[in-house]
Amino acid sequence: CFHMPIEYAAKELKMGVTVLKRKCRQYKFGRWPYRKLKSLNRLYADKLMDKLMHTHGSDTSTLDEQLSMLDHEITSIQDNPQIGINPEIIRLRQEYYKQGYNARRAEPDDGADTIDELLVDGNTDNDVQPPVNHYPLPSDPPAEESTLQSPDDEDHSGPMEAT
């Protein structure tokens, strides 16, 4: 059940999350390993895609080693969730996330940041409407006087309360 979040695993095992957590603590599981496994599985899938995309005329021995190492790590964590991740895998995962971050930062900005920029830049989409002005314009008649009394206008003619 480690391949699913703890809530789903508890439901699958027909017990509450609290009971499952107690059992995990009883067997010395520090944390539910779902997120760790999810991260490693995503890294494995992406490395496998890299291998499939680079099979034409390039050396894939490094990718094969990484895939083998990841497969072994995933199997080890499924067998014993309380073990830590191999430092080589941690380095590989950090490198992978850094590449993704840098790729996202390098993407060009494909649009305006705010609705005001959309309107100023002359966007002619009919879906974008200017914001509605909720403030009274000078040509609007003044609002009626409020019926609320100010603190100075309080009625002091009633009985006084004992303090």
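Which residues form one aromatic cluster? The cluster consists of Phe-2, Phe-29 and Trp-32, where the rings of Phe, Tyr and Trp (its six-membered ring) are taken to pair if their centres lie within 6.5 Å. The structure is a predicted model, in which local features need pLDDT of at least 70 and side-chain atom pairs count only at pLDDT 80 or more, while totals for chains, interfaces and linings use all residues. Residues are numbered from 1 along each chain as its sequence is written, and side-chain values use heavy atoms, with hydrogens and water left out.

The protein chain contains six helices and zero strands, and its elements follow the order α-α-α-α-α-α from the N terminus on; helices (H or I, at least four residues) and strands (E, at least two) are DSSP runs, numbered from the N terminus. Of the 163 residues in the protein chain, 17% are buried, with buried defined as under 20% relative accessible area, exposed as over 50%, and partly exposed as in between (1.4 Å probe, protein chains only).

In total, the structure holds three aromatic pairs. One of them, formed by Phe-2 and Trp-32, is edge-to-face, with 5.1 Å centre to centre and 65° between the planes; planes under 30 degrees apart count as stacked, over 60 as edge-to-face and the rest as tilted. Since Phe-2 belongs to the segment before helix 1 (6-12) and Trp-32 to the loop between helix 2 (17-26) and helix 3, the pair ties together parts that are 30 residues apart in sequence. Phe-2 is buried, because its relative accessible area is 17%, and Trp-32 likewise counts as buried, at 19% relative accessibility. A further pair, that of Tyr-96 and Tyr-97, is tilted, with 5.3 Å centre to centre and 55° between the planes; the relative accessible area of Tyr-97 is 34%, so this residue is partly exposed.

With residues up to four places away in sequence not counted, Leu-40 touches Leu-70, Glu-73, Ile-74, Ile-77 and Ile-89.

Helix 4 has 19 residues and reaches 27 Å from its first C-alpha to its last, close to the 27 Å expected at 1.5 Å a residue, the expected span being 1.5 Å times one less than the number of residues. Its buried residues are listed as Leu-63, Gln-66, Leu-67, Leu-70, Glu-73, Ile-74, Ser-76 and Ile-77, and the buried residues of helix 4 pack against helix 3 and helix 5. Thr-62 also lies in helix 4, but counts as partly exposed at 47% relative accessibility. Thr-62 and Lys-51 are eleven residues apart in sequence, and their C-alpha atoms are 9.4 Å apart in space.

For helix 5 (residues 87-106), the 20 residues should span 28 Å at 1.5 Å a residue, which agrees with the 28 Å between its end C-alpha atoms. Within helix 5, Ile-89, Leu-92 and Arg-93 are buried. Seen down the axis of helix 5, the buried residues fall within an arc of 100°, so they line one face of the helix, the arc being that of the directions from the helix axis to the C-beta atoms. On the other side of helix 5, the exposed residues are Pro-87, Gln-94, Lys-98, Arg-105 and Ala-106. The cover over the buried residues of helix 5 includes helix 3 (34-53) and helix 4 (61-79). At the start of helix 5, a side-chain oxygen of Asn-86 comes to within 3.0 Å of the backbone nitrogen of Glu-88.

Two loop residues concern the backbone angle phi. Most residues other than glycine have a negative phi. Lys-14, found in the loop between helix 1 and helix 2, has a positive phi of about 60° although it is not a glycine, and Lys-14 is exposed, with a relative accessible area of 75%. Lys-28, in the loop between helix 2 and helix 3, has a positive phi of about 65° and is not a glycine either; with a relative accessible area of 62%, Lys-28 is exposed.

Conventions. Contact means heavy atoms within 4.5 Å. A polar contact is a pair of N or O atoms within 3.5 Å; within protein, one must be able to donate a hydrogen and the other to accept it, and residues adjacent in sequence count only if both atoms are side-chain atoms.
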